[in-house]
Amino acid sequence: MSAITRDEVAHLARLSRLALGDDELDHLAAQLDQIISAVARVQEVAAQDIPPTSHALPLTNVYRADEVRPSLPPDRALAAAPAAQDDRFRVPRILDEEA
Amino acid sequence: MTTPTLMDYDEALARFEPVLGIETHIELGTASKMFCGCPTTFGADPNTQVCPVCLGLPGALPVTNHAAIEGIIKIGLALNCEIVEWCRFARKNYFYPDMPKNFQISQYDEPLCVDGHLEVEVEGETYRIEIERVHMEEDTGKSLHVGGATGRIQGAEFSLVDYNRAGIPLVEIVTKPIPATGERAPLVARAYATELRELVRSLGVSDVRMEEGSMRCDVNVSLMPRGAAEWGTRTETKNVNSLRSVERSVRSEIERQAGVLADGGRIVQETRHFHEDTGRTTAGRSKEEAQDYRYFPEPDLVPMAPAREWVEELRATLPELPAARRRRVQAEWGLSDLELRDVVNAGAVDLIEATVARGADAGAARKWWMNELSRRATAQGVELAELPITPEQVARVQAMVAAGELNDKLARQVFEGVLAGEGGPDEVVAARGLKVVSDEGELAAVIDEVIAGNAAVADKVRAGKVAAAGALVGAVMKATRGQADAARARELILEKLGAS
Ligand SMILES: [Zn+2]
């Protein structure tokens, strides 16, 4: 049994806003299946007493003081925007699913 | 799709039992954002409070704001929550332009505060609202939809996004399902939102202004047939932006769901939008499954492990909370439940307390704020606290009344003057020449004049018609421009006319 189905890959692609064709889905589903299976082997050796690692550094409680630092000037903030108008980021109409 | 008929509220409640759930988002009033140093000033020009971190530019790394964590822990403690010993931020992935980095830093299965409760009172009955969790996240940007039906998402051709709000510390407070509120469900929802707002305001960690969006409620409602064991499917009404709307949205959703169910329909689990103008909700997007957000531990932030000593230090700094305070002032001021409710609803607790602290007695302080000043605030359409008069000034007026220098009528004129910007109480008294005529000789002279000028009335009083003396008292008050002590004037008149 495969670790991830073609339908699941299609769903993930939709959530990630990736337009994948049928060929690509076939291709990627098989590849992802291999990757997940390989990673899953780690679970086989992970015993109860080994907590899952989410960070490479053994640190906790790293905070900054509540101090204001200068922000970007608006023209620089907007410099990388594909489109801007009235000092705002201009984006395509919001997804139909919100309507 | 046809619009299902709404069911009359009373009928809906006769057939169905509502279950509520409320998610509240509160922006913390920190100086800087959650993970970067951008300022958080409300109403700044668009995109002037953004930086590589909150814009999600490549290579930028977030660092957690200590004051925000302090703020959420205070909220958690005030809500009787347990503060966990270890937790992490999580990345909530979604594509929507309100977040420039395509994810929001939030918390998922490891919230910072869990298992609390908040008691609210509705019509004399206490409801204990269980708090499931309180977690830390960042706010999103604001979109302006242009074209089509302007301002609305439907039909918009494009959207203009301002990221000033993106990254402001946001605390989400989630209740457990609230069953068994029956027909009071809308009132319980409103009472909870009100009490939560008061609680957070008392902590000083947020200005909790619903009209500015620093407190926003999402209200979940489901119905189950009376006697059923299983809860129905819930809907979530988003961004309900006033206390009144919290109440109305619950009521409206009960009427709508009951109508759908009675027609043999099925409730779809979805997000709905509340419309202030119609008081109704309309369908939004179908709710994503949590798994669609592909939450995973935020790799750019290390775990939080709030030291127990720190948590206890914060607990020790908590102020007197609103419920305890209400109980105290009710006892100290000798108020009935109804009187207390009026004072609370008028937003007068702080004002009266501050007035008492400056020497006024509680009864007088309450009288001025709740009668004369409330009346003027209502007439001007402002909150009591917004009137241009301070508790200190009210206490000063009351001190003059207590010393016999002013009567109530003159005191009202002083308030009028202060509110009109004529200066403080002493200046108004001096400028308007307001002073009770307490000099007996002066008063007696005025009375003699009045008796001489109203011989016919005076004769009636002499003949035993004591009630007629009222006209003479009125004349004395008129002659002294209201500055005489009316009761004393009456005594003197009756004395002089041999009728006492
Ligand atoms: Zn920033």
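Analyst: Arg488(B) and Glu491(B) are three residues apart in helix α16 (residues 486-496) of chain B, so about one helical turn separates them. Helices (H or I, at least four residues) and strands (E, at least two) are DSSP runs numbered from the N terminus. The model is a predicted one, in which local features need pLDDT of at least 70 and side-chain atom pairs count only at pLDDT 80 or more, whereas totals for chains, interfaces and linings use all residues. Residues are numbered from 1 along each chain as its sequence is written, chains are lettered from A and ligands numbered from 1 in the order in which they are written, and side-chain values use heavy atoms, with hydrogens and water left out.

User: What does Arg488(B) form with Glu491(B), and how far apart are the closest N and O atoms?

Analyst: The term to apply is the salt bridge, a side-chain nitrogen of Lys or Arg within 4 Å of a carboxyl oxygen of Asp or Glu. Arg488(B) and Glu491(B) form one, with their closest N and O atoms 2.6 Å apart. For accessibility, buried means under 20% relative accessible area, exposed over 50%, and partly exposed in between (1.4 Å probe, protein chains only). Arg488(B) is partly exposed at 25%, and Glu491(B) is partly exposed at 43%.

User: Which residues do salt bridges that share partners join into one network?

Analyst: The network consists of Glu320(B), Arg325(B), Arg328(B), Glu332(B), Asp350(B) and Glu353(B). Within it, the salt bridge between Arg328(B) and Glu332(B) has its closest N and O atoms 3.2 Å apart. Both residues belong to helix α6 (residues 322-333) of chain B and are four residues apart, about one turn of the helix. Arg328(B) is partly exposed, at 25% relative accessibility, while Glu332(B) is exposed, at 51%.

User: How many salt bridges does the structure hold over all chains, and which parts of the chain does the pair Lys176(B) and Asp115(B) link?

Analyst: Over all chains there are 45 salt bridges. In the one between Lys176(B) and Asp115(B), the closest N and O atoms are 3.4 Å apart. This pair links distant parts of the chain, 61 residues apart: Lys176(B) is in the loop between β10 (169-175) and α3 (185-203) of chain B, and Asp115(B) is in strand β6 (residues 113-122) of chain B. Lys176(B) is partly exposed at 28% relative accessibility, and Asp115(B) is partly exposed at 45%.

User: Is Arg133(B) buried or exposed, and with which residues is it in contact?

Analyst: Arg133(B) is buried, with a relative accessible area of 16%, and its place is in strand β7 (residues 125-138) of chain B. Contact means heavy atoms within 4.5 Å. Neighbours within four places in sequence aside, Arg133(B) is in contact with Gln107(B), Tyr108(B), Pro111(B), Cys113(B), Val114(B), Glu172(B), Ile173(B) and Val174(B). The C-alpha atoms of Arg133(B) and Ile173(B) are separated by 6.1 Å, although the two residues are 40 residues apart along the chain.

User: How should I read phi, and what value does it take in Asn80(B) and in Arg294(B)?

Analyst: Most residues other than glycine have a negative phi. Asn80(B), in the loop between α2 (66-78) and β3 (82-83) of chain B, has a positive phi near 60° and is partly exposed at 40% relative accessibility. Arg294(B) has a positive phi near 45°; it lies in the loop between β14 (280-286) and β15 (296-297) of chain B and is partly exposed at 23%.

User: What is the radius of gyration of chain A, and what does the globule rule give?

Analyst: The radius is taken over C-alpha atoms, and the globule rule is 2.2 Å times the number of residues to the power 0.38. Chain A has three helices and three strands, in the order α-α-β-α-β-β from the N terminus. Its radius of gyration is 22 Å, well over the 13 Å that the rule gives for 99 residues, so chain A is more spread out than a compact globule. Buried residues make up 18% of chain A.

User: What are the corresponding values for chain B?

Analyst: Chain B has a radius of gyration of 30 Å, while a compact globule of 500 residues would have one near 23 Å. Its secondary structure comes to 16 helices and 15 strands, and 52% of its residues count as buried. Among contacts in chain B with a separation of 6 or more, 68% are between residues 24 or more positions apart.
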